[in-house]
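Visitor: I am new to this structure and would like to learn how to read it. Please show it to me.

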Amino acid sequence: MTQTLINPTPKDYKSEVKPTWCPGCGDFGVLNAVYRGMAGLKLAPDQTVVVSGIGCSSRFPHFLKTFGFHSVHGRALPVAQGLKMARPDLTVLAVGGDGDYFSIGAGHLLHAALRNIDITVVVMDNEIYGLTKGQTSPTSPQGHVTKSTPYGLLASQFNPISTVLSLNVSFVARGYSARPKELAALVEQGIQHKGFSFIHVLSPCPTFYHTFDAWDAAVTPISEEHDRSDRGKAMLLAMETEKQYTGIFYEEKERPTMDQAAHQLVQQSKEFDIAAYMQRYA
Ligand code: SF4
Ligand code: MG
């Protein structure tokens, strides 16, 4: 039976497990934003599933009272997509970090983006591998010096927002962990959006790469005047390097989702005339 909450508060989504992140980790702000977003939408905890991969941020499902699946490195998206295809009635979130989604799991991100399955993705990007103690990730800036790149990172920096915009993702947004109220609103809108929602979150790792000061200065809310249906303009905002725009870059409301389309196919297949097919093609 569905566990309906009448007037839920963020506390109603907290599990008994206390987060084990370092003091000051940006992921605390993201967790608070997700609690708030879930309370805002009055989600039933037993109809909600949070799936993660591996990494500091992927401990996330343990701290929520919803169902959860702490999966394998880079594989949150296959699990989340399969779940939504099988149980379209559930609210499904896939969470994790920049290493998980933009390195080992990058191939899954590309294909999930093209499918437009109705799940919400929240990527906590700290531009570093935190769990393995500070190696560069795909979003580390070029030249960044770490123990894995003592002479500076040679590769270019991966741009998550421009990448998913080019893959036709139907909801693209960015938030900042230090602004959990704004981030909670994005989480709510991402979950309400029917289709693949991608929320990129700047979530600093003060232990291995302290970016709070830089992001406090760079974070700039997207203007109210921005036309969310204009992907070209969204791409220009995404390509900005001095500023880190936050808010909704792009939103396309009326695109069919693959989970809906597949369930329609199942219905149609019940009326499929196999004898006529065999006569025509055998
Ligand atoms: Fe957070 Fe970094 Fe500590 Fe991991 S290592 S919990 S990302 S502060
Ligand atoms: Mg990381």
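Visitor: Is Ile161 buried or exposed?

Guide: Neighbours decide it: a residue is buried if 20 or more other C-beta atoms, placed from the backbone, lie within 10 Å of its own, exposed if 12 or fewer, and partly exposed in between. Ile161 has 23 other C-beta atoms within 10 Å and is therefore buried. Ile161 is placed in helix α5, where helices (H or I, at least four residues) and strands (E, at least two) are DSSP runs numbered from the N terminus.

Visitor: What should I know about the model and its labels?

Guide: This is a predicted model, in which local features need pLDDT of at least 70, side-chain atom pairs count only at pLDDT 80 or more, and totals for chains, interfaces and linings use all residues. Residues are numbered from 1 along each chain as its sequence is written, while chains are lettered from A and ligands numbered from 1 in the order in which they are written.

Visitor: What average pLDDT does the protein chain have?

Guide: pLDDT is the predictor's confidence in each residue, from 0 to 100. Where pLDDT is low, the predicted coordinates should not be read in detail. Here the protein chain averages 96, and 100% of the residues score at least 70. The model also scores ipTM 0.97 and pTM 0.95.

Visitor: Which residues does Ile161 touch?

Guide: Two residues are in contact if their C-beta atoms, placed from the backbone, lie within 7 Å. Not counting residues up to four places away in sequence, Ile161 touches Val172, Arg174, His200, Ala238 and Phe249.

Visitor: Which residues is Phe249 in contact with?

Guide: With neighbours within four places in sequence left aside, the contacts of Phe249 include Ile161, Leu165, Val172, Ile222 and Leu237. Leu237, in helix α8 (residues 231-239), counts as buried because it has 21 C-beta neighbours inside 10 Å. Beyond residues up to four places away in sequence, Leu237 touches Ile222, Tyr245 and Phe249.

Visitor: Which residues of the largest nonpolar core touch the most other members?

Guide: In soluble globular proteins, nonpolar side chains tend to be buried together. A nonpolar core is a set of buried Ala, Val, Leu, Ile, Met, Phe, Trp, Tyr and Cys residues joined through C-beta atoms within 7 Å. The largest one has 59 residues, and Ala94, Val122, Leu165, Val172, Val187 and Phe249 touch the most other members. Helix α1 gives the most to this core, with 6 residues. A second, separate core of 6 residues includes Tyr129, Cys205, Phe208 and Tyr209.

Visitor: Which residues are around ligand 1?

Guide: A residue is near a molecule if its C-beta atom, placed from the backbone, lies within 6 Å of it. Around ligand 1 are Trp21, Cys22, Cys25, Asp27, Cys56, Asn126, Gly130, Leu131, Cys205, Pro206, Thr207 and Phe208. For classes, Ala, Val, Leu, Ile, Met, Phe, Trp, Tyr, Cys and Pro count as nonpolar, Asp, Glu, Lys and Arg as charged, and the others, Gly among them, as polar. This shell divides into 8 nonpolar, 3 polar and 1 charged.

Visitor: Where in the chain are Lys42 and Glu127?

Guide: Lys42 is in the loop between α1 and β1 (48-52), and Glu127 is in the loop between β4 (120-125) and α5 (160-166). Phi of Lys42 is near 55 degrees, a positive value in a residue other than glycine. For Glu127, also a residue other than glycine, phi is positive and near 60 degrees. Lys42 counts as exposed because it has 12 C-beta neighbours inside 10 Å, whereas Glu127 is buried, with 24 other C-beta atoms within 10 Å.

Visitor: Which residues does the UniProt domain annotation cover?

Guide: UniProt positions are given in the numbering used here, feature names are shortened, and annotations may be inferred rather than shown by experiment. The unreviewed UniProt entry carries the annotation "domain: Thiamine pyrophosphate enzyme TPP-binding" for residues 54-201. Over residues 54-201 the chain is 32% helix and 19% strand.
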